[in-house]
Amino acid sequence: MLRRIAAEDPDRPAIVGRDARMTYGELHTDSRRISAALAHAFMDARATATSGAHPPLPPVVAICLSTAFDTARAVVAVEAGARILTVVDAHWPVALQMQLIVTTGAAAVITDVPTIRAALHSAGWSGLVVGLDDLARTPSPASAHADTAADDAPFLMLTSSGTTGPPKAFLKTRRQYAANIDVSRDHLGARDRVATFAPGPMSYSLTLYTLFEVLATGGRMHVADRLDELWLSSRVHDEHITRLVAVPAAVTALTDAARRHPARYDGIDLIVTGGAGFPASARTAVADALPHARTISYFGTGELGFIGDDRAGHDSIRLYPQVEARVRGDDGSELAPGALGSLWVRSPSCSAAYLAGTASAPLTDGDGWASVHDQGRLRGRDFTFVGRAGDVVTTGGHTVALDEVERAFDRMPG
């Protein structure tokens, strides 16, 4: 899509930040130059692929840049070649940055953060460390050509949120992400020329995915380094943004801002939220403060991809058409409709496995069913999520989902 729009409509805005922007034509040229320079640097450095992988993986490139705009540029460039990209938050503690770079087997780090450069040098790290501006200024070799990668080749490394233990690393292929983008196009409002605002660092998987879905559908991606640009600035109004993608906490803050400055947000017609539960009280508040905006809360995980959204109402999640689902008990047996257990799914967007050494339990079974052990109840095509495995307790001989208790309190007056 990037190549096609760059040829047919090169002046169409692609990525917009507070102080910088790029058209599709500029982004295509920029990404090809950076990608070619990175490939040339790899040849010079004889960078190795991720250790311990079989078959060998393409080289992993960690992106650790201080602005969301530059991170977006780097993501597009790294994705253009036969490489695996991962994003490291520039504001995390150095020890955590180092841990992620080492454990992901990164062969290169693109960074403008002096502290991580110094830490890598002090540790005697043997990989390539380079700045984005250095790559962008490097003249492309006359023989440079775009690397190619198969749809089933991994291109992105993500980690689990770590809510139920240490973060686990897993890979996404282009085909798996294409299945996610089909969902975005069909159900989540990602469309040609739509202006989408996804504030926050690209280390947030929600923000990172939004970059891919927007550029893959010909839209305009508005980025911000901080979530609070959503409610502390007038960018939504000034940049004619119509679609917002954000975590529920940011949507709640937006609701308060919309009551104080309603004209700032009167152009929003769709709010897409995910990554955490979106209670009925918050949905009611959004409807009151932004009566012209529709809200969709989706359910999914990085490992499994999109599973469904709240179109079913009544706290239920309607599964997307391509998703097969079942609920199993602790012994692995399939449970009756409405029984509480672990959700297992099969879908084109599911990852195959966690990387060796980052997880003790497998992601999938022998038949391709995958689970991150979300707990809930399945009735037909509707799933009621009640929390992760640690959010379900047994008391007095009864199994109680703590999320269902929270929902009961949420409905009580006052």
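Biologist: Is His240 buried or exposed?
Modeller: In this predicted model, His240 is exposed, with a relative accessible area of 61%, because anything over 50% counts as exposed.

Biologist: And where is His240 placed?
Modeller: His240 sits in the loop between helix H10 (235-238) and strand E11 (243-246), and its phi is near 55°, a positive value in a residue other than glycine. Most residues other than glycine have a negative phi.

Biologist: Which other residue has a positive phi although it is not a glycine?
Modeller: Arg193 has one, with a phi of about 70°, and Arg193 is found in the loop between H7 and strand E9 (195-197).

Biologist: Switching to helices, at what angle do H7 and H8 pack?
Modeller: Helix H7 (residues 174-187) and helix H8 (residues 205-216) pack at an angle of about 70°, and their axes are 10 Å apart. Angles of 65 to 115 degrees count as roughly perpendicular, so that is how H7 and H8 lie to each other.

Biologist: Which residues meet there?
Modeller: From H7 there are Tyr177, Asn180, Ile181, Ser184 and Arg185, and these meet Tyr209, Phe212, Glu213 and Ala216 in H8. Sorted by class, the contact of H7 with H8 has five nonpolar, two polar and two charged residues.

Biologist: What about H3, how many of its residues are buried?
Modeller: Eleven of the twelve residues of H3 are buried, so the helix is largely enclosed by the rest of the structure. Among the buried residues are Phe69, Asp70, Arg73 and Val76.

Biologist: What span should H3 have?
Modeller: For the twelve residues of helix H3 (residues 68-79), the span should be 16 Å at 1.5 Å a residue, which agrees with its end C-alpha atoms being 16 Å apart.

Biologist: On to charges, how many salt bridges does the count come to?
Modeller: The count comes to 23 salt bridges. In one of them, Arg175 pairs with Asp152, and the closest N and O atoms are 2.6 Å apart. Arg175 lies in helix H7 and Asp152 in the loop between helix H6 (132-137) and strand E7 (154-159), so the pair ties together parts that are 23 residues apart in sequence.

Biologist: Which helix holds both Asp256 and Arg259?
Modeller: Both lie in helix H11 (residues 248-260), three residues apart, about one turn of the helix. Asp256 and Arg259 form a salt bridge, with the closest N and O atoms 3.2 Å apart. Asp256 is partly exposed at a relative accessible area of 38%, and Arg259 is partly exposed at 48%.

Notes. Residues are numbered from 1 along each chain as its sequence is written. This is a predicted model: local features need pLDDT of at least 70, side-chain atom pairs count only at pLDDT 80 or more; totals for chains, interfaces and linings use all residues. Side-chain values use heavy atoms; hydrogens and water are left out. Axes are lines fitted to C-alpha atoms, for helices over the stretch in contact, and angles run from 0 to 180 degrees between N-to-C directions. Helices (H or I, at least four residues) and strands (E, at least two) are DSSP runs, numbered from the N terminus. Angles under 35 degrees count as roughly parallel, over 145 as roughly antiparallel, 65 to 115 as roughly perpendicular and the rest as oblique. Contact means heavy atoms within 4.5 Å. Ala, Val, Leu, Ile, Met, Phe, Trp, Tyr, Cys and Pro count as nonpolar, Asp, Glu, Lys and Arg as charged, and the others, Gly among them, as polar. Buried means under 20% relative accessible area, exposed over 50%, partly exposed in between (1.4 Å probe, protein chains only). The expected span of a helix is 1.5 Å times one less than its number of residues. A salt bridge is a side-chain nitrogen of Lys or Arg within 4 Å of a carboxyl oxygen of Asp or Glu.
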